[in-house]
Amino acid sequence: MSFDPTSGEFEFSEWDLDQAVTALRRFLREEDVLYKESQTAPYECDGLSAYTRRPRLVVLPQTIDQVQQVVRYCKDHNIPVIARGAGTGLSGGVLPVEYSIVLSLARFNRIHRIDSLQRLAVVDPGVRNAAISEAAAEFGLYYAPDPSSQIACTIGGNVAENAGGVHCLKYGLTVNNILGLKIIDSDGDLIEIGGGELMEAPGFDLLALMNGSEGLLGIIVEITVRLIPRPEAAQVVLAAFDRITDAGDAVRDIISSGIIPAGLEMMDRMAIQAAEDFVHADYPIVEAMLLCELDGTRAEIDQQMDEVKKILQACNASEIRLSQSEQQRMLFWSGRKAAFPAVGRISPDYYCMDGTIPRKELSHVLERIAEMSQQYGLACANVFHAGDGNLHPLILYDANKDGDLEKAEHFGSDILRLCVDRGGTITGEHGVGIEKIDSMCHQFQTPELLQFHAIKDGLDPAGILNPGKAVPSLHRCAELGAMHVHHGKLPHSDLPRF
Amino acid sequence: MSTDSTQHIHDQVRAAISNASPVSIHGSGSHAFMLGDFAESSRIDMTAHSGIIDYQPSELTIKARAGTALAEINDTLAEKGQRLATEIPRLSGNATFGGALATGLTGSGRPFLGAVRDHVLGAGLINGKGEIINCGGQVMKNVAGYDISRLLAGSRGNLGPILDITLKVLPIPQKQLTLAFAMDETAAIETMNKMAGKPMPVTACAYIGGRLHLRLEGSQSGVDHAAQQLAGDTVDNGAEIWAGLSNLSHDFFTGDATLWRIIAPATARLPYPDKDHERLIDWCGGLRWIKSTALDDNDFGAIRRVGATVERFRGGQTTRPAQLMSALQKKLHRRVKHAFDPKLLFNPALSDFD
């Protein structure tokens with residue numbers, strides 16, 4: 001048995017590469033089975049490039065039948081299989097594990113059909129997020145969830161991670177915009193999940209279970225997505241604040257006034273400065289800046305924009321700018337959308353966190369992060385989805401400096417711990433992957449972890465689907481718990497702990 | 001009181017485990033007609049486990065115990081100018097919060113406002129090992145761990161008694177307006193879906209008694225503007241009609257005739273049986289109710305063949321979800337059931353996934 005659900009431990013063993021290549025080439029084209037180092041290198045990590053491992057074998061099946069055969073082969077030979085889209089994930093979710101095969105869905109890149117009257121699209125998992133909206137544009141429709149990597153990330157990966165984005169505040173996460181899936185389970189069976197064209201499916205909500213399951217419960221091979229009408233108009237208001245707490249209050253007051261903006265984003269001084277230097281969006285260099293987008297009919301926007309402006313003024317905004325054209329709206333967003341690479345320019349490396357907190361905790365948590373930044377001696381830029389409390393602190397460090405990465409990781413896990421303690425979660429949209437697996441121990445107790453392992457065991461008894469990600473073993477959490485108790489024995493005991 | 005009721009439910013689950021004897025989980029009984037008889041000699045009554053635990057209007061969330069009456073939740077929200085983010089049927093009885101998630105029914109807003117599951121942020125339950133599982137939370141975005149709280153939607157008590165639920169709530173829109181348009185059914189279905197594809201604040205479309213009914217909700221200006229463009233007849237008792245469709249209290253649903261619930265591709269032209277029946281269409285065509293004393297299950301073969309599911313919803317032996325699943329879908333359900341309830345103790349009469 002390679003998976004033990006009572007502990008959550010996995011164990012796999014060595015297999016013969018030549019034998020596997022020969023066996024897989026019986027049903028895959030020669031060029032779709034990669035094993036030379038030069039070929040497998042691109043698959044050694046995802047967007048979290050601090051973690052790498054070269055896979056022994058990469059397969060690129062072209063048909064559903066081939067995916068089924070790969071899974072059956074892996075099951076019969078007890079080989080871990082890691083499904084992968086574009087590799088833009090930020091949590092190491094597709095990091096190869098020891099003795100694993102990476103299954104790329106890159107060749108599944110067709111949009112099968114768009115039903116404009118029913119407002120849905122049936123697509124392959126390897127279709128890019130943005131490509132769906134591009135294809136639906138001629139009908140006045142689009143696919144709403146818009147992770148910032150949307151020009152590159154694939155819809156299959158979006159489902160696996162339950163991806164978010166700026167517009168999730170109003171239009172929901174991936175899970176709210178997926179109507180149906182076809183998956184290959186760990187037996188190699190092809191199963192339809194969710195209603196697809198039907199708005200309701202009988203039984204448990206397995207569609208919700210699959211969303212965000214990070215490739216541990218099945219491999220997604222077809223997706224039916226909801227399309228919605230593109231709003232008649234959209235307008236952004238940019239507001240500057242001299243105090244970050246005022247900006248936090250404005251977020252709270254806008255949401256509780258009954259307005260649901262299409263996007264409500266915040267940036268702090270360091271993020272504003274970096275973005276401004278990078279894209280020259282003419283941002284005011286202040287302590288905090290809000291971008292609030294309203295969409296809908298022209299009449300709705302005008303009415304709600306008046307209310308938003310009043311709230312911003314009441315919260316001491318030092319400057320309020322309204323986008324007066326589509327061109328200016330895009331300019332306002334340009335700095336926000338380029339914030340991550342902009343921060344990348346001012347620091348050799350950065351570490352992006354993804355904790356989510358109740359909105360009312362925003363000011364407190366931002367203050368604590370600033371204190372931690374001082375204590376760790378690492379700068380931290382904040383740029384985030386304020387409207388739904390989803391923080392993206394970017395911890396600046398230098399991987400070439402001894403101990404800097406470890407310091408950044410400790411700082412990061414302290415932030416996540418803070419988020420959980422304030423009633424939030426360790427990840428709002430990036431997923432747990434391998435990166436936040438230790439933080440899971442802080443968020444969940446043993447009964448929940450055992451329940452997660454039981455689900456994994458039920459749907460994948462051999463434990464071959466992306467093992468070791470998303471849910472930590474009990475042993476791992478026990479060790480961490482012990483680490484927190486015995487402060488004197490902590491690794492990196494020279495580091496300040498608080 | 002509340003900790004006592006949690007303790008009481010927990011004790012009952014532990015007793016069921018140690019005696020290896022099945023137990024059935026009951027709310028107010030408002031949905032009993034669709035569930036059929038599932039009572040075991042040992043029953044867990046959830047209605048005493050009630051009360052709102054945490055309601056934060058500025059966070060747009062409400063957390064309440066499973067036995068809390070939906071009516072109480074609706075009233076509490078309304079006091080602060082808010083409501084549940086979609087319509088959850090309370091039916092004729094005193095439907096509970098837990099029952100709403102466990103049955104997973106949604107009213108007319110389904111295509112626009114989503115189902116109950118779309119607004120679930122967190123839930124607690126007791127599994128078949130007697131452990132209390134808390135999943136999700138009270139924040140809008142959370143992808144840590146498998147989404148157990150949403151999985152519970154439609155679970156019918158099979159995965160364990162649900163203790164509490166956190167749902168997203170929304171402000172009550174400034175204005176609601178219902179418009180009606182006389183036309184035949186085929187035209188109505190096409191028109192509904194065309195309107196749903198336009199950037200207008202539509203939150204429900206139904207076809208009732210020869211007229212397309214369309215609900216607009218949103219800001220005063222947004223609704224007025226859309227109403228002007230659409231130019232339909234204003235329906236004065238709109239709110240009452242939509243509540244009637246959601247709670248099955250509309251005239252169409254009265255009487256003893258068997259009620260069939262068809263979930264169809266919204267725009268499909270269905271081969272309806274030619275025996276005497278009445279129809280009502282909701283969800284832009286995605287939900288079609290058929291009321292008849294003349295039809296039986298065999299009359300729906302043609303409809304099933306176009307990809308719709310047909311459920312005997314009220315009257316006689318009602319359809320169980322497992323009857324609508326493929327063999328492989330049942331396999332997945334069986335496996336999930338075992339993961340939560342390995343001894344198959346909860347609602348065995350509702351877990352025929354074999």
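Salt bridges, then: across all chains of this predicted model, a search of the whole structure turns up 52 of them.

Let me walk you through a few in chain A. R56(A) pairs with E14(A), with the closest N and O atoms 2.8 Å apart. R56(A) sits in the loop between helix 2 and strand 4, and E14(A) in the loop between strand 2 and helix 1, so this pair ties together parts that are 42 residues apart in sequence. R56(A) is partly exposed at 26% relative accessibility, while E14(A) is exposed at 52%.

Now have a look at helix 13 of chain A, residues 362-376: R368(A) and E371(A) are 3 residues apart there, about one helical turn. Their salt bridge has its closest N and O atoms at 2.7 Å. R368(A) is partly exposed, with 21% relative accessible area, and E371(A) is partly exposed too, at 42%.

There is also a network: shared partners link K75(A), D185(A), D187(A), D189(A), K331(B) and R335(B) through salt bridges.

That brings us to the two chains together. How many salt bridges run between chain A and chain B? The count is 8, and one joins K141(B) to D388(A), at 3.8 Å from N to O. You'll also find 28 residue pairs in polar contact between the chains. On the chain A side, helix 16 gives the largest share of the residues touching chain B, 10 of them. That side divides into 38 nonpolar, 26 polar and 22 charged residues.

Finally, the overall contact: 86 residues from chain A and 76 from chain B take part. Together the chains bury about 6600 Å², 60% of it on carbon and sulfur atoms.

Conventions
Residues are numbered from 1 along each chain as its sequence is written. Chains are lettered from A and ligands numbered from 1 in the order in which they are written. This is a predicted model: local features need pLDDT of at least 70, side-chain atom pairs count only at pLDDT 80 or more; totals for chains, interfaces and linings use all residues. Side-chain values use heavy atoms; hydrogens and water are left out. Contact means heavy atoms within 4.5 Å. Buried area is the accessible area (1.4 Å probe) that two parts lose on being put together, summed over both. A salt bridge is a side-chain nitrogen of Lys or Arg within 4 Å of a carboxyl oxygen of Asp or Glu. A polar contact is a pair of N or O atoms within 3.5 Å; within protein, one must be able to donate a hydrogen and the other to accept it, and residues adjacent in sequence count only if both atoms are side-chain atoms. Helices (H or I, at least four residues) and strands (E, at least two) are DSSP runs, numbered from the N terminus. Ala, Val, Leu, Ile, Met, Phe, Trp, Tyr, Cys and Pro count as nonpolar, Asp, Glu, Lys and Arg as charged, and the others, Gly among them, as polar. Buried means under 20% relative accessible area, exposed over 50%, partly exposed in between (1.4 Å probe, protein chains only).
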